[in-house]
Amino acid sequence: MNWLADFFGDAAHWSGPDGIPVRLLEHLEFSAAAFLVAALIAVPLGLLIGHTGRGALLVVVAANAARALPTLGLLVLVVLLAGVGTVLPVLIPLIVLAVPPILVNTYEGVRGVDADLRDAAYGMGLRGRQVLFQTLTPVALPLILLGLRLAAIQVVSTATVAAFVGLGGLGRFIIDGLATKTYADVIGGAVLVAALALAVQFAFVLLDRVVVSPGVRQVR
Amino acid sequence: MTEEPLVRWDWIARNWANGGPTAISALLENHVVMAFLPVLFGLVVALPLGLACVRWRWLYQPTVALMNVTYSLPSLVLFSIFLSITGLTRSTVVIPLTFFALAVLIPAVVDGLASVPDPVRQSAVAMGFRPVRRLLRVELPVAVPVVLAGLRVATVSSISLVSVGALIGQGGLGNLFIDGWQRQFYTPIVVGIVLIVVLAVLADGLLVLAQRLLTPWSRARRTA
Amino acid sequence: MITFEDVTKRYRDGTVAVDDLSMEVPTGAITVFVGPSGCGKTTSLRMINRMIDATSGRITLDGQDVREIDPATLRRGIGYVIQQAGLFPHRKIVDNVATVPYLLGWNKKKARARAMELLELVGLDPGLARRYPFQLSGGQQQRVGVARALAADPPVLLMDEPFSAVDPIVRASLQDELLRLQSELRKTIVFVTHDIDEAVKLGDTVAVLRVGGRLAQMAGPATLLTEPADDFVREFLGRDRGIRRLSFISAKEVRLSPAPSDLETDENGGPLGWRTADGLAAYGTFNPETDSLRVALDAALLSPNGTAVAVDEEGRVRGVAGRDAIDELLAEYAPPAAGPARGGASGSGGGSSSGAGDSEGAPA
């Protein structure tokens with residue numbers, strides 16, 4: 001607890017380029033950028049594969065690869081290969097690791113829609129695209145959101161580790177603190193990241209309340 | 001840097017078993033221990049806890065909520081927090097990873113027991129099984145596929161997450177990443193990634209095999 | 001009118017679901033496809049709205065080959081009701097019913113007004129309109145399914161085992177409701193079921209299909225019960241065919257006698273029971289205007305003296321019919337004497353149906 005008081009009580013931690021507000025903003029910026037790109041790739045792809053049933057193998061491979069691939073190794077390798085100094089290479093592993101959870105859950109969500117419902121939708125005279133967007137997507141929404149939530153948390157987490165390869169953000173407190181054995185900074189940074197992760201989690205719970213139809217939420 | 005090949009085989013040969021603590025074989029051994037202990041501890045704790053959640057339903061919601069929160073915390077955050085309690089030791093990695101394993105395994109145990117069809121449970125009761133015997137002879141065996149599916153996820157995640165521990169000096173093969181980064185040297189990084197993935201695939205395969213052997217009555221179920 | 005001309009459906013693995021089916025589905029009537037599982041009844045139905053396309057042959061709707069019509073356009077003009085209703089869980093009931101009107105580009109207000117109209121038509125409380133499907137019982141969901149199919153007032157309605165997932169009491173009320181609706185709407189309905197009793201109850205025409213997708217017999221239900229084409233149809237129809245056939249004979253022609261004095265009535269003229277030494281005994285009633293001969297016979301069998309009580313719509317006694325009066329009518333409707341001998345033992349045997357056997361018996 002002393003460490004926390006040391007960290008948060010230090011006025012120097014609240015201003016300047018190394019201050020908490022700047023680091024938090026950086027963290028949010030990288031995370032949001034990586035998350036958005038990942039979502040833009042994975043949601044349409046997941047919908048398409050789920051709807052057509054073609055390319056399911058890709059989903060399985062992505063799911064397993066994402067779990068087995070070591071985050072730190074991937075970060076270090078990509079940044080070394082691409083050259084240190086710019087932000088862009090760091091974003092690549094962030095995106096790569098965020099795609100699978102979205103892809104898998106979107107796919108599973110669409111696939112898992114009751115066959116009778118699909119049948120009824122076509123039988124009413126909805127066309128392929130209308131079936132996808134008016135029936136499958138709204139019903140699969142809870143799972144799509146779950147995938148997005150897991151990806152967002154993954155991104156926040158990976159962005160923390162990415163401080164090791166030079167990315168800014170809250171991870172800096174932890175990594176620099178470890179290097180200089182300033183444990184107050186390590187703990188303080190950890191608490192900040194934890195709070196951010198929980199805030200993201202909470203934001204998605206709220207989002208779920210707003211965008212998922214009560215008719216669908218109750219079924220699950 | 002441009003001529004540096006991705007893999008220098010001679011480096012691997014020289015460092016596979018050089019007797020020191022940084023030999024690849026030593027790191028591998030270390031990695032296996034640190035990855036499997038959390039899963040083992042997790043299973044030992046998750047079974048009784050999962051059973052308790054099934055017996056007393058009110059326990060389930062708070063437990064799952066707590067596990068969800070834990071799961072959403074980055075591994076590095078938990079390592080950092082435990083650093084202040086357990087110092088720069090293996091426990092600082094193993095304990096947080098045990099929590100991650102629990103977050104996967106408790107729901108798996110609960111879902112597994114919930115997957116026992118009610119008629120099966122009812123007929124076991126009707127035939128005169130007492131609760132403990134019914135649990136051991138009927139419910140747990142039927143729950144095995146779901147629990148094993150959770151075990152696969154927990155094991156593979158654990159193997160991959162150990163490497164983050166390298167940032168606090170306890171990362172098994174993850175130390176190769178730090179080494180490679182500091183020396184701007186690809187080979188250790190590639191070796192680390194490959195070995196971790198191979199380890200994960202191997203462990204996953206063994207668990208699939210275990211499921212086939214343990215539940216000969218069910219065709220291997222599809223688990224993503 | 002819907003016609004099937006030499007329609008065959010063969011799947012890629014070689015199984016033949018429908019084999020050279022030719023038939024005409026009359027306009028404005030209920031045609032039931034019935035048969036055991038694997039007889040191709042659902043496939044035949046789904047070929048009409050092109051959920052499945054035939055391998056060969058053609059299906060026409062009012063003279064036009066359905067294969068020449070864009071599937072989505074075709075389906076918007078044909079109502080479709082399936083087993084679990086298939087309601088969209090994310091939409092409120094009113095919007096579920098308005099699905100096709102929305103697709104057809106109606107404005108929201110008009111589509112919803114139409115949906116409310118339909119909910120009332122199928123006997124649902126308009127208060128349910130704002131609910132989601134999961135908040136409704138199975139029977140209510142199925143009614144919504146029917147309302148949804150009727151929303152754009154399509155001339156044709158396809159119903160694929162719509163009532164088979166609900167309990168028998170709800171099923172009976174849904175069937176009655178469908179018949180009531182049909183008496184008002186006069187749609188061309190194709191109805192698939194595996195339940196022969198449902199087929200006989202609902203169908204103006206019943207097409208019995210056999211495994212392998214061949215048409216075994218197509219006839220009105222009364223004819224089907226009296227003159228099954230072969231052993232397969234006879235067996236499929238099951239026992240008590242003679243008795244069941246009475247459902248299709250109106251009780252209107254039963255000769256009524258004045259009510260005897262031992263029939264006690266209340267102040268409104270409703271029956272109370274037969275006076276006997278031990279007090280009032282049970283009685284059975286039928287309404288000659290609306291009930292069938294089967295109900296009349298049943299009513300007679302429920303009274304200790306074998307006399308059925310005829311009542312009018314308000315339940316007032318109009319007269320009585322003894323077993324002799326009922327028997328006169330039974331004799332009149334005895335099946336034709338010609339045709340192959342298939343007396344009392346109707347397929348699966350019917351020792352209990354000796355009474356009906358008499359009316360059917362006349363060996364060739």
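What follows is a walk through the strands of chain C and then some helices of chains A and B.

Mentor: Keep in mind that this is a predicted model. Start with the record for chain C. UniProt, in an unreviewed entry, gives residues 2-236 of chain C the annotation "domain: ABC transporter". In the model, that span is 37% helix and 25% strand.

Now the sheets. One open sheet in chain C has 4 strands, in the order 2-1-4-5, and its pairing is antiparallel. Its edges are strand 2 (16-25) and strand 5 (64-65) of chain C, and each of these pairs on one side only. Look at the strand 5 end. Strand 4 of chain C, residues 56-61, runs antiparallel to strand 5 of chain C, with 2 bridges between them. Here Leu61(C) stands opposite Gln64(C), a residue of strand 5 of chain C.

Another open sheet in chain C has 6 strands. Its order is 6-7-8-3-9-10, and the pairing is mixed. Strand 6 (78-81) and strand 10 of chain C are the edge strands, each pairing on one side only. From one strand to the next, the twist averages 15 degrees.

Strand 9 of chain C covers residues 205-210, and strand 10 of chain C covers residues 214-219. They run antiparallel and are joined by 5 bridges. Val206(C) has Ala219(C) of strand 10 as its bridge partner. Arg210(C) has Arg214(C) of strand 10 as its bridge partner. Between the strands of this hairpin are 3 residues. In that hairpin, Gly212(C) takes a positive phi near 100 degrees.

Strand 11 (residues 263-265) and strand 12 (residues 271-276) of chain C pair antiparallel over 3 bridges. Glu264(C) stands opposite Gly273(C) of strand 12 of chain C. The hairpin of strands 11 and 12 of chain C has 5 residues between the strands. A glycine again has a positive phi in the hairpin: Gly269(C), near 90 degrees. Strand 12 of chain C also pairs with strand 13 of chain C, residues 279-281. That pair runs antiparallel too, joined by 3 bridges. Thr276(C) has Gly279(C) of strand 13 of chain C as its bridge partner. The hairpin from strand 12 to strand 13 of chain C passes through 2 residues.

Now turn to chain B. UniProt, again in an unreviewed entry, lists "domain: ABC transmembrane type-1" at residues 28-208 of chain B. That span is 82% helix and 0% strand, with its end C-alpha atoms 22 Å apart. The record also places "transmembrane region" features in chain B, among them residues 66-87 and 185-210. Residues 66-87 of chain B are 86% helix and 0% strand, and the end C-alpha atoms are 25 Å apart. Residues 185-210 of chain B are 96% helix and 0% strand, with 39 Å between the end C-alpha atoms.

Take helix 2 of chain B, residues 24-55. At 1.5 Å a residue, its 32 residues should span 46 Å, and the end C-alpha atoms are 46 Å apart, so the two agree. Still, helix 2 of chain B has a kink of about 30 degrees at Ala46(B). That kink lies shortly before the proline Pro48(B). Helix 2 of chain B also packs on helix 5 of chain B, residues 91-114, at an angle of about 40 degrees. The axes are 7 Å apart. The two helices are therefore oblique to each other. Helix 2 of chain B passes helix 5 of chain B in a right-handed crossing.

Finish with a helix pair in chain A. Helix 8 (residues 171-180) and helix 9 (residues 183-211) of chain A pack at about 155 degrees, their axes 7 Å apart. Angles over 145 degrees count as roughly antiparallel, so helix 8 and helix 9 of chain A are described that way. The crossing of these two chain A helices is left-handed.

Technical notes: Residues are numbered from 1 along each chain as its sequence is written. Chains are lettered from A and ligands numbered from 1 in the order in which they are written. This is a predicted model: local features need pLDDT of at least 70, side-chain atom pairs count only at pLDDT 80 or more; totals for chains, interfaces and linings use all residues. Two strands pair if DSSP finds at least two bridges between them. UniProt positions are given in the numbering used here, feature names are shortened, and annotations may be inferred rather than shown by experiment. The expected span of a helix is 1.5 Å times one less than its number of residues. The bend at a residue is the angle between axes fitted to the seven residues ending there and the seven starting there. Axes are lines fitted to C-alpha atoms, for helices over the stretch in contact, and angles run from 0 to 180 degrees between N-to-C directions. Angles under 35 degrees count as roughly parallel, over 145 as roughly antiparallel, 65 to 115 as roughly perpendicular and the rest as oblique. A crossing is left-handed if the near helix is turned anticlockwise from the far one by less than a right angle, and right-handed if clockwise.
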